[in-house]
Amino acid sequence: MCQAGEDYAVSAQRETLPVPRPGREQKCVKCAEGLPVVVIRAGDAFCRDCFKAFYVHKFRAMLGKNRLIFPGEKVLLAWSGGPSSSSMVWQVLEGLSQDSAKRLRFVPGVIYVDEGAACGQSLQDRVKTLAEVKLILQNTGFPWHVVALEEVFSLPPSVLCSASQEPAGTEEAYKTAVDSFLQQQHALGSEGCASPAQGEDQSHPSHSQEPLGMAGFPTAAQTEALSRLFSSIKTLTAKEELLQTLRTHLIVHVARTHGYCKVMTGESCTRLAIKLMTNLALGRGAFLAWDTGFSDERHGDVVLVRPMRDHTLKEVAFYNHLFGVPSVFTPAIDTKAPEKASIHRLMEAFILRLQTLFPSTVSTVYRTSEKLVKAPREGCASGPSSPSCLLCMCALDIDTTDSATAFGAQSSSHLSQMLPAEAGIPTTPCCGSGEGQAQSCHRGVGRRGDAQACVIEQLCYGCRVNMKDLPSLDPLPPYVLAEAQLRSQRAWVSKEIQEYLITDDDEEEEEESRAIKQEGENTGIGL
Amino acid sequence: MPESKVGTAQCEYPKQPTSLPPMPAPTCSSCHAARAALRRPRSGQALCGSCFCTAFEAEVLHTVIAGCLLPPGAVVAVGASGGKDSTVLAHVLRELAPRLDITLHLVAVDEGIGGYRDAALEAVSSQAARWELPLTIVAYADLFGGWTMDAVARSTAGSGRSRSCCTFCGVLRRRALEEGARLVGATHIVTGHNADDMAETVLMNFLRGDAGRLARGGVLGSAGEGCALPRCRPLQFASQKEVVLYAHFRRLRYFSEECVYAPEAFRGHARDLLKRLEAARPSAVLDLVHSAERLALAPAARPPPPGTCTRCGALASHALCQACALLDGLNRGLPRLAIGKGRRMLQAEPPLPGNSSQATSDPAAPQGPCTCEQSRDGATLCKEGGDRAGATCVLQSDVSPSE
């Protein structure tokens, strides 16, 4: 038995009946007419048209159910070249070209991030891949951006500040927005150019240079810096996590600079199930709802949206094959890595293997993920002013009374730096799970240790464990280090003046304590 | 080297890491005097045997005190299976008992698994004798109307994909432990679950979609709700490797063979995954425990506040507690009745008339529930001693702890 609550009768039936193969006498289960070409789930054979309708319906239903994308909004599609995101771009393309009643109502742009330097690709390979990518992007007709990952070295520290959030659109706000948009449509409808936001002929150039003012390819120095960063990371797990973080920051920055308020990523159901289990193992249990939910508003003004989260990888693959969706293969950082190289690979192999034994594994995990909420657990520090992680921008999930991490820190609190004492033994740095207390481990190096400790302090548990695999934080892009320093300075300053600040809650207590302090000082001075 | 041969048991020796370059042994980083004998799996710190044991005990003490798990004056029933976790737990609690001001009783459960449990019970008996702790053994056969785990396994053998005997065993064992604890007059129950068990549990619950169990949290054990005794797990932040190391350095004898039904359990998948995760990243176990502590599930996913079972009066989320429901299913010849969605529709069936006269000692024949007066109004436990084989409710006064 693999599933809690699974019905006895249904499971027995599923097990004894063989999966029906689409033979000549079988018809599509939906329209009962066409010849089936693909089997979805166990035993549901669809014909080509019904499959397309099913697939497209899922996509539109996911967007429509959540009502986050307002008409006329600019939405950036994050395209990696892989099958899921290609399918997503294709869906948007088709959705925009339908007749006006069913047409998608937002304004898309596409972004492609070139990660060749992090994956160790040579320059010629990258140029070749970029040529293919540009061809496909030009065919979509949307405004497109190609950015290289090296540009993280030119990002401003403000990308790590979650900008002020607009209040989430309510039902009425959505409905009024749709109504006013439709009225606009009718007003312009007579001329034939239905919306000023069609991708075909635009006033602005259909391809934009890199937004940060660099012309063409990144410089060799930046490529060198990036590959130095990634080769200094000891484990593949930490590499993948850092890559994801940097990529997200870059995409959010591009979205902000060009006025996009939503970003769509093409993660499929299978990928999200794997991601959920991986994040559990990485210590990010508190943030699962943000990492795998439909919308992710950690960055404030830019909201990440996952419209493909209901489509399994199998459906995506069949759709792309049947309908000729173009995609580009680029080797990723974990291509050809053995199964036990990283937690991501392990979890992927595990889930896919378990799926063959228990075919409902992925959908079970997906359904459980829908029950996760974005609130902190009762009793943890919460509120808009609570500090957020430097890298992943979630509210910090480490308290001083923390059981597991305090436990780990307790045993390592009397640990001295081991590297000078026992040279040559590879050990993991000891205070990776240290908390905000002053229980940092005694370091032989002074200032560098301080800078490192001040960055570590501002990270959530999961990011801290990842940073353990970086021997030195210097190769990190400067915006991270600058923001860390800024935040710690700000914290230090506010601690200094904390007692003199009047806040709304404890105004009276403040005055009381100040009065007592005053008295104490007076008596002290008077002596 | 300690000898831990109990019957056919094997001892587990901690493996030395083979990738370290050969060099003179470092000194213990805690007392700086003795030669270091081990490296802690979690932090890589080199310690001598006694410093490690002291640190381990200090951490268990911290867990108990920080979570207020065992207040002073508590009478604690230790679930002892003879395995490494409960052996270490009993030993550590015995060391800490004066400081915590608690009294200990060992409670062992005999599930009736031939060839496995008898050898384990021998181990528990010898431990109890050596540590001078009172031991109580409760048997499934006595508590649950003749159903031993072997009988359950035979009964569920034909029903398809997996036998799910482990589901039965887990539920019934918790009931049995509760009954045993009540017998000795305990106020708290402790079990030896370690951090690996917690990590496996959270993985398993996600893979099976058990949002109710996830929502219940339960990282720190459950405070007693209603009539259930509070349960806790003092070893829950100690990883399995450290438990084994502690047993090694304290020269504890334990029984370490795997249950004969273990290969069929779903937990095996989670355990396998955890082993691999630990190889990829040593702190994976603690990271999972950290994640589990902070899961935020929707309030709707939480199970309803529990009431009491209409048949035996124990804590139950539905009309019947899980143990009664499972036993009901077994007795009716539908072993999977209480597992799965059908459970929700399962109400306390009215007792079938006239069945009690057909009571036989063969548990496999469908039996009716106990028809005595007291069980019908559901509030009190059945006190009738005669019809044991036919009864499905727990007979408190009839449990005779066999030493």
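Is Arg267(B) buried, partly exposed or exposed? I looked this up and found Arg267(B) partly exposed, with a relative accessible area of 25%. I take buried as under 20% relative accessible area, exposed as over 50%, and partly exposed as in between (1.4 Å probe, protein chains only).

Before going on, I note that this is a predicted model, where local features need pLDDT of at least 70, side-chain atom pairs count only at pLDDT 80 or more, and totals for chains, interfaces and linings use all residues. Residues are numbered from 1 along each chain as its sequence is written, chains are lettered from A and ligands numbered from 1 in the order in which they are written, and side-chain values use heavy atoms, with hydrogens and water left out.

**Salt bridges, chain B**

I counted a salt bridge where a side-chain nitrogen of Lys or Arg is within 4 Å of a carboxyl oxygen of Asp or Glu. Over all chains the count is 32 salt bridges. Arg267(B) makes one with Glu200(B), at 3.3 Å from N to O. This pair links distant parts of the chain, with Arg267(B) in helix α10 (residues 267–280) and Glu200(B) in helix α7 (residues 195–208), 67 residues apart. Helices here are DSSP runs (H or I, at least four residues), numbered from the N terminus. I also checked Glu200(B), which is buried at a relative accessible area of 1%.

**Salt bridges, chain A**

Next I looked at Glu339(A) and Arg353(A), which form a salt bridge with their closest N and O atoms 4.0 Å apart. Glu339(A) lies in the loop between α11 (313–323) and α12 (343–357) and Arg353(A) in helix α12, so the pair ties together parts that are 14 residues apart in sequence. Glu339(A) is partly exposed at 32% relative accessible area, and Arg353(A) is partly exposed at 36%.

**Cysteines**

How many disulfides are there over all chains? My entry is zero, taking a disulfide as a pair of cysteine sulfur atoms within 2.5 Å. For Cys392(A), the nearest cysteine sulfur is that of Cys460(A), 3.5 Å away. Cys392(A) is buried, at 10% relative accessibility. For Cys394(A), the closest cysteine sulfur is in Cys392(A), at 4.0 Å, which is too far for a bond. Cys394(A) is buried as well, with a relative accessible area of 3%.

Definitions and conventions: Helices (H or I, at least four residues) and strands (E, at least two) are DSSP runs, numbered from the N terminus.
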